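Please walk through this protein step by step. Keep the model in view as you read.

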Amino acid sequence: MSEQPLFKVTVDNITIEVPAGTTILEAARKIGGEVAPPAMCFYSKLKGSGGKCRTCLVEVSKGSEKDPRPMPKLVASCRTTVMDGMEVKNITSEKVTDARNGVVEFLLINHPLDCPVCDQAGECHLQDLSYEHGKEGTRYEFQRRTFEKHSLGEYIQLHMTRCILCYRCVYTADQLTNKRSHGILDRGDHSEIATYIEKNLDNDFIGNVIDVCPVGALTDRTFRFKNRVWFLNPVDAHRDCPKCSGKVTLWNRGDEVFRVTARKDEWGEVEEWICNECRFEKKKTSDWVIEGPRKINRHSVVSGNHYVGMQKPQETIANVMDGRNPRLFLDIHDVSEVNKKDVDLSLIEGPAHSNNFDAIKKEQ
């Protein structure tokens, strides 16, 4: 069996060798960082995904060593394979920046601006995309497309108004379950994710459609409106599960488990699929073996208050003064007629004001 040839490809002036058949997006992800284009529909673990959202557009300034001509138009990096000697521009191209700005504007045409009440806020890929590439305003003057909310069984809530038609949930159900019960209905601006005559989704692995959804269209009904993700502490945990790997991320606040999700990598993709029993029914800490804090690699507020490996700063004054504490030259309570150290502000009913201190003064 012959070895697969390696192609040299340069993305934003960084050269890397990848096997033949690798897409530009996958090559850029091997480099990592901002070099990797964003993707709202592509999912490396789902066959056939990609090519829907157009957020991963890049400029190919050199086709290959054999044919160095640039490609005439921007291409979708998730569907374009690399050639030997190819040169690609992502963040270094003004064309890409302008095109991605327009794609975000199109995605937000019908998307509701309901982030304050959306359960996906704080871990929404569209939020990140619009923050980095969006505009402050919109030129759209027509009424937004709206749909009624649907409950796809006792665990999944569908809010089609937020959907961007990335098709991830359709591919997930098609490739993980024995029989897919939902898909795309109608055409054009009437297209929507739905089930035939509002049938419930009850497959053992159907809960994974929540994890693959990049926006707040599919949410966990057992977690809705209970808490915000930036108030929760994600920890890795596992259990012996006969259906799946049992490797999950628990989202705790104190000792209470608010939700269970699959573990995701730095690109927001599920590492291993989990079953509905692990996701929805095991909501006690005693059900799991805790491994440790989960490091959130994505640029998200989720990791903002999780001080893993933090070193407490040392007292600078003591270090400067050879360990001696600073001298107290003035005690404000000795010279002030307003501040009384005998007054405990925490015991005062309502906000503190001068009457509280006057009363203490009169008693004395």
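Strands here are DSSP runs of E, at least two residues long, and helices are runs of H or I, at least four, numbered from the N terminus. This is a predicted model, where local features need pLDDT of at least 70 and side-chain atom pairs count only at pLDDT 80 or more, while totals for chains, interfaces and linings use all residues. Residues are numbered from 1 along each chain as its sequence is written, and side-chain values use heavy atoms, with hydrogens and water left out.

Strand β11 covers residues 233-238. β11 and β12 pair in the antiparallel sense over 6 bridges. Two strands count as paired if DSSP finds at least two bridges between them. In general, strands of a sheet pair through backbone hydrogen bonds, either parallel or antiparallel.

Now widen the view. β11 and β12 belong to an open sheet of 4 strands, in the order β13-β12-β11-β14. The pairing in this sheet is antiparallel. At its edges are β13 and β14 (289-293), each pairing on one side only. From one strand to the next, the twist averages 35°. Such angles run from 0 to 180 degrees between N-to-C directions, and the axes are lines fitted to C-alpha atoms, for helices over the stretch in contact.

Turn to another open sheet. It has 5 strands in the order β2-β1-β5-β3-β4, with mixed pairing. Its edge strands are β2 (14-19) and β4 (75-76). Helix α1, residues 24-31, packs on this sheet. α1 touches β1 (6-11), β2, β3, β4 and β5 (86-89). The direction of α1 makes about 120° with that of β2. Helix α2, residues 94-107, lies across β3 and β5. α2 runs at about 160° to β3.

How do the strands of this sheet pair? β1 and β2 are antiparallel, with 6 bridges. F7 has V18 in β2 as its bridge partner. The hairpin of β1 and β2 has 2 residues between the strands, and D12 there takes a positive phi near 50°. β1 and β5 run parallel, joined by 3 bridges. V11 has V88 in β5 as its bridge partner. Strand β3 (residues 57-62) pairs with β4 in the antiparallel sense over 2 bridges. There, L57 has A76 in β4 as its bridge partner.

Next come the aromatic rings. A pair of aromatic rings is described by the distance of the centres and the angle of the planes. Rings of Phe, Tyr and Trp (its six-membered ring) pair if their centres lie within 6.5 Å; planes under 30 degrees apart count as stacked, over 60 as edge-to-face and the rest as tilted. The whole structure has 4 aromatic pairs. One of them is Y43 and W273, a stacked pair at 6.3 Å centre to centre with 25° between the planes. This pair links distant parts of the chain, 230 residues apart. Y43 is in the loop between α1 and β3. W273 is in the loop between β13 (256-262) and α6.

Helix α6 (residues 276-281) holds E277. What does E277 contact beyond its neighbours within four places in sequence? The partners are R239, K243 and K282, where contact means heavy atoms within 4.5 Å. E277 and F205 are 72 residues apart along the chain, yet their C-alpha atoms are separated by 8.9 Å.

On a 1 Å grid over the protein atoms alone, a cavity is a set of points where a 1.4 Å probe fits but cannot get out; lining residues have an atom within 4 Å of a point. Grid points are joined across faces, edges and corners, and a volume is the space filled by probe spheres set on the points. The structure holds 2 cavities of 30 Å³ or more.

The largest cavity has a volume of about 460 Å³. Its lining has 31 residues, and the closest to its centre are E123, W251, R259, T261 and K264.

Conventions
On a 1 Å grid over the protein atoms alone, a cavity is a set of points where a 1.4 Å probe fits but cannot get out, and a pocket is an open set with protein on both sides within 12 Å along at least five of seven lines; lining residues have an atom within 4 Å of a point.
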